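Dear colleague,

Please find below the structure that I am handing over to you. My findings follow directly after it.

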Amino acid sequence: MFGDRIGSVEVLAGLLVLLVVFRGPIADAISGPRLQTWTTVFVSVMVQAVPFLVFGVVLSAVIAVFVPRSFWAKALPKHPALAVPVASCAGVILPGCECGAVPIAGSLIRRGVTPAAALAFLLAAPAINPIVLTATAVAFPQNPEMVVGRGVASLIVAMLMGWLWLRLGRADWIRLPHRPDLDGLSKGRAFFSAVRHDVVHAGGFLVLGAMAAACINVLVPERWLQTLADNPILSVLALAVLAVLLSICSEADAFVAASLSQFSLTARLTFLVVGPMVDLKLISMQAGVFGRRFAFRFAPATFAVAVLVAVGVGAVVL
């Protein structure tokens, strides 16, 4: 028992104990107005996002454990070009975040699904599923067109990248390691293992994203943000890069985007389209599942296509 490695759950428990022990000094430290603002922004993002994150993780675990992986190979058309849009649209019925989509896409390729279709699913599922679109509607109650724009732009990017892989992709760029994942476990143990893993990892990135959003609102001078926001090109590029750096789970990114109210809706739409498809955690996960040669080619191409499509859809819809 004592020889086990200390994991993120144990670290979180230790931090909570420290917070309780030193609650007095911490309360005094955050009494300043700027820190109070930081706390308000951080808590508001977390309170709004956590229910969607937990609900999405649970449903994703149900699908991963109880739906046979071979189902998707049978459901897709045999012609690769036709399988790409079908796989992209399949993301609508699969609630979950990008953390779960990467291993599922790897499993689909192992089951014989054409890589183009699996990659289209990988990009579409975290962005167009009902949980994410509902969270977007809640985060932007005065702008329902953001839901339409996000769904349409993300679907277009997924299909374009799938077809681009058919045209330019090479099989030797993908190297799938042997990963038993949840195989061999009982259904119950596999389910709780999947939930625990996704909550710890996705929840951790959500906390970091909420902290970053709070820091941006408090530490970055308003005139800097306004300078970026006033420039249409710089605002789009800035939020696209920010989406890559923050690595926020797709069930929660809409609330962070809503907090960046200085920026235009098109820039925030770019943030929502890029984030679930290209971010630091996704690049590392793709390198682990598909190989570094794949990730270092696929991620930059996806970033460029996502930015261009988001701006185009934003010009029409928003």
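Two salt bridges were counted, a salt bridge being a side-chain nitrogen of Lys or Arg within 4 Å of a carboxyl oxygen of Asp or Glu. One joins the side chains of Arg 150 and Asp 253, with 2.8 Å from N to O. This pair links distant parts of the chain, since Arg 150 belongs to helix H9 and Asp 253 to helix H13 (residues 253-259), 103 residues apart. Helices (H or I, at least four residues) and strands (E, at least two) are DSSP runs, numbered from the N terminus. Arg 150 and Asp 253 are both buried; buried means under 20% relative accessible area, exposed over 50%, and partly exposed in between (1.4 Å probe, protein chains only).

Asp 172 forms a salt bridge with Arg 170, and their closest N and O atoms are 2.9 Å apart. Asp 172 counts as partly exposed because its relative accessible area is 34%. Arg 170 is also partly exposed, at 41% relative accessibility.

Please note that this is a predicted model, in which local features need pLDDT of at least 70 and side-chain atom pairs count only at pLDDT 80 or more, while totals for chains, interfaces and linings use all residues. Residues are numbered from 1 along each chain as its sequence is written, and side-chain values use heavy atoms, with hydrogens and water left out.

As for the protein overall, its secondary structure consists of 16 helices and zero strands. Of its 318 residues, 46% count as buried. The accessible surface comes to about 15,500 Å², and carbon and sulfur atoms account for 71% of that area; accessible areas come from the Shrake-Rupley method with a 1.4 Å probe, and for residues only the protein chains shown count as cover. Among contacts (heavy atoms within 4.5 Å) with a separation of 6 or more, 83% are between residues 24 or more positions apart.

The aromatic rings come next. A pair of aromatic rings is described by the distance of the centres and the angle of the planes. Rings of Phe, Tyr and Trp (its six-membered ring) pair if their centres lie within 6.5 Å; planes under 30 degrees apart count as stacked, over 60 as edge-to-face and the rest as tilted. The count by this rule is six aromatic pairs. In one of them, the ring centres of Trp 165 and Phe 294 are 5.7 Å apart and the planes stand at 65°, so the pair is edge-to-face. It links distant parts of the chain: Trp 165 lies in helix H9 (residues 145-168) and Phe 294 in helix H16 (residues 292-317), 129 residues apart. Trp 165 and Phe 294 are both buried. Phe 294 also pairs with Phe 290, in a tilted arrangement with 5.0 Å from centre to centre and 55° between the planes. Phe 290 is buried, as is Phe 294. Ring pairs link Trp 165, Trp 173, Phe 290, Phe 294 and Phe 298 into a cluster.

Finally, there is Ser 235, which is found in helix H12 (residues 232-246). Ser 235 counts as buried because its relative accessibility is 1%. Leaving aside residues up to four places away in sequence, Ser 235 touches Leu 228, Ala 229, Phe 263, Ser 264 and Ala 267.

With kind regards
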